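Here are some notes on the model below. Please read them with the coordinates open.

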Amino acid sequence: MAGDWSEEITHVAGTDLAIIKSGQGKPLLVLHEEMGHPGWLNWHAALARERTILIPIQPGFGKSPRVEAIRNVHELGLFYSWVLRDMNLAPVDVIGFSLGGWAAAEMAAANPRQFRKMVLVAPLGIKPPEGEIFDIFVVTQRTPLNLSIHDPKTTPEFALLYGGERTPEQYEAFEDARTETARIAWEPILHNRSLPYFLQGVSGLPTQIIWGREDALVPVSAAQAYQRALENTETRVTIFDDCGHRPEIEKSAEFVKLIKEFLA
Amino acid sequence: MHIMYFTERPYREVPEEEVIKNRSFFGVPNRFFDREVGSRLYNEYLDEAVYAEEMGFDGIMLNEHHGTPFCMGAVMNVEAAILARITKKVRIVLLGNPLPTLKNPLRMAEELAEIDLISKGRLVPGWVRGAGSEQIFNNANPAYNREYFNEAHDVVIAAWTRPGPFRWEGKHFTYRFVNPWVLPYQKPRPPIWIPGVISAETVVWCAQHRYPYIGLGTALQSTVELWNLYGDTAMREGYMAGPENFGYLQQIFVAETEEKAQELGKAALFGGGAANFSRPEWTLPPGYNSKEATRRLARQATDYGFLGLTSEKLKESRGDGQHGKDTRGRLRRGEVGIEEAKRKIYGTYQKAQDGLQIIIGTPKSVLPKLRLIMEVLHPGVFGLFQAMGPLTLDQRMTCTRLLGQEVLPAMREIAKELGIVDPFEREPGSRPYTAGTQRDSLVDLDALKRAPQRDESIRV
């Protein structure tokens, strides 16, 4: 699938920003998770047939330099809003994964009109009513990766995440990702106590929440917390059984079908 | 030469298997803490410090760790305040207060000023970034570790030296009214020393501030490189570094006979020793290291010395091929028992001595080893680190007495012979460097050739 996408550095929102781009059609903004952009996977390719996929690499990750002014995920949302304005993208469809889902939720809370439709895949950001968000900062870097899927035997793409190999470059990339995530989300532990309140102000933004029932990183109970917070906008929740934190590769076909239907 | 007495003040009666089962001292559940034992040990440690003064030590060094039976000095300034009152001459050397974990550096400036006043100017404060586990215990964001360190340091120095009241509006700390009534006894401020394990960034920072750098039991080969880095930086800063800019801490245990020393000295390996200070994932939390240090770590297995950063653990933290193959990993999976884990730990005893990780013997037999270190490094400050583990008060006091009566006088003679001066004899950074000239040699590379190669996989 290499060659299907390109990565370009664009000067936007006051900084250089690496953006991965692929496909054709209406733009679809993808906000990646806290370990970084996991590489080009089947679901990307499937959606890129109908949509132009845009994946900004979060400042401080990969080739995007850190932006000191971004001190928390709310401000990361402000930054991405500026990116959308500079690129004349709003209103745009968005899919956010984990930390990227949290950032999308912050953006929706600030201004729901910048999105047309929003998909949140196992987002961080709200303290789950049952269970705890797994503390990714007190374990070795591959622990959250290994915990992120329910069953590696039925998830062939797990072996492909982040290039699949343990190279010094990947060690550094993970450390960059962990460092930036710690910098902006160390305390409270990977959530924003104010987010549920401000999400109540979201209206007119169809939202699809997706979770794996066996998610070991962000307990599935947070799905209900998100749904409650988004009570003033049309919100659907889909929970996959036998699935962990990565429905997009653990239930790839169902995931793609769901997204296509929702965004249609 | 300034010779300091140091003990970690460990909680010596924690069950060893609990430390090993927990895979580190940090995080051993506190249900194993007994208030009677804790109370007795704190008082013993204060008595030992007074005794060390009587036996001729020049300084008492304290340190601070949290959440661990490895060191009971959770609030070192409390002990320092008591020592300020119950000792007479010794310097009270704090190596160091973990600046990044403090939420209020202005209060730190006040605490230290009080101690300096009570002691009539005998305080030597020092600063550390804190081990990774200290960031976790105190919930200090490790990604801001260096920034917190730098700014907290600047707050303390400003509070001591800048006439108040003034406003402080930094990136991480804000004060409306900096005007501490209580200021240090020593003017313009107490001397500051900085301990370290290997961070080149810290060495450069020390040299820029003209603060003596105290190597905490680091391998001689890598310590030599750090000394030279300091010396080169000093040159660029316009001054000549010398022995007054350096210190070294050495773990040691002596007894009346070689046999007794060897038997008791094994206590240094209790629970895995400093190698078992913390687990890899707690040693290097995200952002604790600079980007450059992370790049180095990603590519090489370096011995990071003190506090348990062995090359083996680095590999484990990196999650590469070695993951889980060591005894700790096998223990975790139940493939080996506690007894085998202990055998593995104590099986390193001789190698640890061969590599000078710990020096054990009679006053007579330890001296050549101490001399070698002094020859290689010329440290103006020398800390003698009393062994860890389940040693009785009597055994520790005997060690302190033998050190004071027999080892210290000999070390002072050697220092004189080698021309080693300490930071009180010559102000660090006081000798200007003349551009174009050669700087003083700080280390003896010929002596280094005689030094044993350290087995990097073994830490005590």
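In which sense do strand 7 and strand 8 of chain A pair, and over how many bridges? Point 2 takes this up, after a word on the source.

1. Basis. This is a predicted model, in which local features need pLDDT of at least 70, side-chain atom pairs count only at pLDDT 80 or more, and totals for chains, interfaces and linings use all residues. Residues are numbered from 1 along each chain as its sequence is written, while chains are lettered from A and ligands numbered from 1 in the order in which they are written.

2. Strands 7 and 8 of chain A. Strand 7 (residues 207–212) pairs with strand 8 of chain A in the parallel sense, over six bridges. Gln208(A) faces Arg236(A) of strand 8 of chain A. Helices (H or I, at least four residues) and strands (E, at least two) are DSSP runs, numbered from the N terminus. Two strands pair if DSSP finds at least two bridges between them.

3. The sheet of chain A. Eight strands make an open sheet with mixed pairing, in the order 1-2-4-3-5-6-7-8. Strand 1 (5–12) and strand 8 (235–240) of chain A are the edges; each has a single partner strand, so one side of each lacks a neighbour in the sheet. On average, neighbouring strands of this sheet are turned by 20° against each other, direction ignored. Helix 9 (residues 252–263) of chain A packs on the sheet and touches strand 5 (92–97), strand 6 (115–121), strand 7 and strand 8 of chain A. The direction of helix 9 makes about 160° with that of strand 6 of chain A. Axes are lines fitted to C-alpha atoms, for helices over the stretch in contact, and angles run from 0 to 180 degrees between N-to-C directions. Contact between two residues requires C-beta atoms, placed from the backbone, within 7 Å.

4. The contact between chains. Chain B gives 20 residues and chain A gives 17 residues. On the chain B side, helix 10 (280–283), helix 11 (291–299) and helix 12 (311–318) each supply at least two residues. Helix 11 of chain B gives the most, with four residues. The chain B side divides into nine nonpolar, six polar and five charged residues. Here Ala, Val, Leu, Ile, Met, Phe, Trp, Tyr, Cys and Pro count as nonpolar, Asp, Glu, Lys and Arg as charged, and the others, Gly among them, as polar.

5. Helix 8 of chain B. Helix 8 (residues 220–237) has 18 residues and reaches 25 Å from first C-alpha to last, close to the 26 Å expected at 1.5 Å a residue. The expected span is 1.5 Å times one less than the number of residues. Its buried residues include Leu220(B), Trp227(B) and Ala234(B). A residue is buried if 20 or more other C-beta atoms lie within 10 Å of its own, exposed if 12 or fewer, and partly exposed in between. Among the elements covering the buried residues of helix 8 are helix 7 (200–209) and strand 9 (246–254) of chain B. Just after helix 8 of chain B, Gly238(B) has a positive phi of about 95°.

6. Backbone points to check in chain B. The Leu95(B)–Gly96(B) peptide bond is cis, with omega about -10°; Gly96(B) sits in strand 3 (residues 91–98). Gly164(B) to Pro165(B) is also cis, with omega near -5°. Arg23(B), not a glycine, has a positive phi of about 65°. Arg23(B) counts as buried because it has 21 C-beta neighbours inside 10 Å. His378(B), not a glycine either, has a positive phi of about 50°.
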